[in-house]
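Subject: Handing over a structure

Dear colleague,

I am passing this structure on to you, with the sequence and the coordinates shown just below.

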Amino acid sequence: MFERGDVGAAWTTRYDRLHLHTVRWLSCLPGYRIPRAFGKWPSRDRVLEYLQRYADRMSLSVRAGIEVKRLDRDPAGWKVVTTEGVIEAERVVIATGHSNVPYLPAWSGAFAGEIVHSAQYRNPAPYVGKRVLVVGAGNSGAEIAVDVAEGGAAEVLLAVRTAPSIVRPTRLASQVKCSGSRRRAYLSRSSTGSRARFAASRFPTLRRMVCRRRRGRTPSS
Ligand SMILES: Cc1cc2nc3c(=O)[nH]c(=O)nc-3n(C[C@H](O)[C@H](O)[C@H](O)COP(=O)(O)OP(=O)(O)OC[C@H]3O[C@@H](n4cnc5c(N)ncnc54)[C@H](O)[C@@H]3O)c2cc1C
């Protein structure tokens with residue numbers, strides 16, 4: 001098994017505040033559960049620790065620090081070209097991650113501020129006293145918006161296309177195992193997203209609705 005970084009490399013570069021958005025008992029790999037002591041929503045560092053423990057427990061033969069540069073067909077299977085040389089393999093499993101190359105779309109409007117992709121975000125320190133616009137209220141966007149608001153930003157705006165469904169994690173956790181219509185009904189009852197709370201964008205080039213919240217509050221609270 002080749003890994004260009006170290007075990008769990010993808011988690012080492014994620015923002016400091018990150019906790020799993022999925023509960024511990026639904027987030028483990030086969031054969032070894034995430035320890036209860038890691039909490040309901042393990043932190044980034046706990047996820048990393050879990051992955052490292054997992055590799056040890058399962059005696060995975062991880063060859064860290066080696067990048068696969070290309071794969072070529074050969075009569076016996078595959079020729080795997082790595083930074084440490086070429087090996088032959090009968091079969092190859094590619095598990096390089098689905099979306100680990102950040103995409104920053106071209107910006108058509110005029111914006112004088114700094115634009116940062118969430119993959120580059122680490123903590124709120126650089127944003128103390130600044131006005132911050134977070135685009136997108138997915139898991140990362142919502143958590144980063146709270147992080148910069150609590151971390152001392154002067155003002156935080158969250159831009160969304162449509163009102164998001166936001167559920168208090170403690171309530172969702174008890175419901176997450178129920179399926180189908182029960183879960184949908186629960187979500188529509190308990191999620192917030194009152195459109196009345198959404199004010200028109202002060203950044204018209206975004207052409208999105210902007211939910212405005214000051215310091216330390218998510219749209220759900
Ligand atoms: C901010 C954030 C929060 C998330 N929260 C959750 C959550 O709460 N719950 C959840 O289930 N999922 C969550 N995810 C998604 C989760 O991280 C991914 O689904 C998961 O990591 C995918 O695992 P993977 O092994 O397919 O890919 P990755 O974890 O991306 O691992 C791919 C590995 O391949 C290595 N690699 C890539 N290319 C090469 C190469 N050419 N040669 C050698 N090695 C290479 C990389 O270094 C990396 O270690 C989150 C993602 C992000 C960005």
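Three strands form an open sheet in the order E3-E4-E5, and their pairing is antiparallel; strands here, like helices, are DSSP runs numbered from the N terminus, with at least two residues (E) for a strand and at least four (H or I) for a helix, and two strands pair if DSSP finds at least two bridges between them. The edge strands are E3 (68–74) and E5 (85–89), each of which pairs on one side only. On average, neighbouring strands of this sheet are turned by 20 degrees against each other, direction ignored, where the axes are lines fitted to C-alpha atoms (for helices over the stretch in contact) and angles run from 0 to 180 degrees between N-to-C directions.

Please keep in mind that this is a predicted model, in which local features need pLDDT of at least 70 and side-chain atom pairs count only at pLDDT 80 or more, while totals for chains, interfaces and linings use all residues. Residues are numbered from 1 along each chain as its sequence is written.

To stay with the sheet for a moment, E3 and E4 run antiparallel and are joined by six bridges, with Val68 standing opposite Thr82 in E4, and a hairpin connects E3 to E4 through two residues. Strand E4 (residues 77–82) is in turn joined to E5 by five bridges, again antiparallel, and these two strands form a hairpin with two residues between them. Within this pairing, Trp78 stands opposite Ala89 in E5, and Lys79 has Glu88 in E5 as its bridge partner. Of the five residues of E5, the number buried is zero, so E5 lies largely in the open; a residue is buried if 20 or more other C-beta atoms, placed from the backbone, lie within 10 Å of its own, exposed if 12 or fewer do, and partly exposed in between.

Turning to the whole protein chain, there are five helices and eight strands, which follow the pattern β-α-α-β-β-β-β-β-α-β-α-α-β along the sequence. Of its 221 residues, 13% count as buried. Among contacts between residues at least 6 apart in sequence, 52% join residues at least 24 apart, a contact being two residues whose C-beta atoms, placed from the backbone, lie within 7 Å.

The 14 residues of helix H2 (residues 44–57) should span 20 Å at 1.5 Å a residue, and because its end C-alpha atoms are 20 Å apart, the two values agree; the expected span is 1.5 Å times one less than the number of residues. Just after H2, Ser59 takes a positive phi of about 50 degrees. Helix H3 (139–150) has twelve residues and reaches 17 Å from its first C-alpha to its last, close to the 16 Å expected. In H3, the residues Ala142, Ile144, Ala145, Val146, Asp147, Val148 and Ala149 are buried, and the buried residues of this helix pack against strand E6 (131–135) and strand E7 (155–160). Gly152, which follows H3, has a positive phi near 110 degrees.

Gly129 lies in the loop between E5 and E6, and it counts as exposed because it has 8 C-beta neighbours inside 10 Å. Leaving aside neighbours within four places in sequence, Gly129 is in contact with Gly152 and Ala154.

Finally, 21 residues surround the ligand, the closest being Ala9, Ala10, His21, Thr96 and Gly97; a residue is near a molecule if its C-beta atom, placed from the backbone, lies within 6 Å of it. The elements that give two or more residues to this shell are strand E1 (2–3), helix H1 (9–12) and helix H3.

With best wishes
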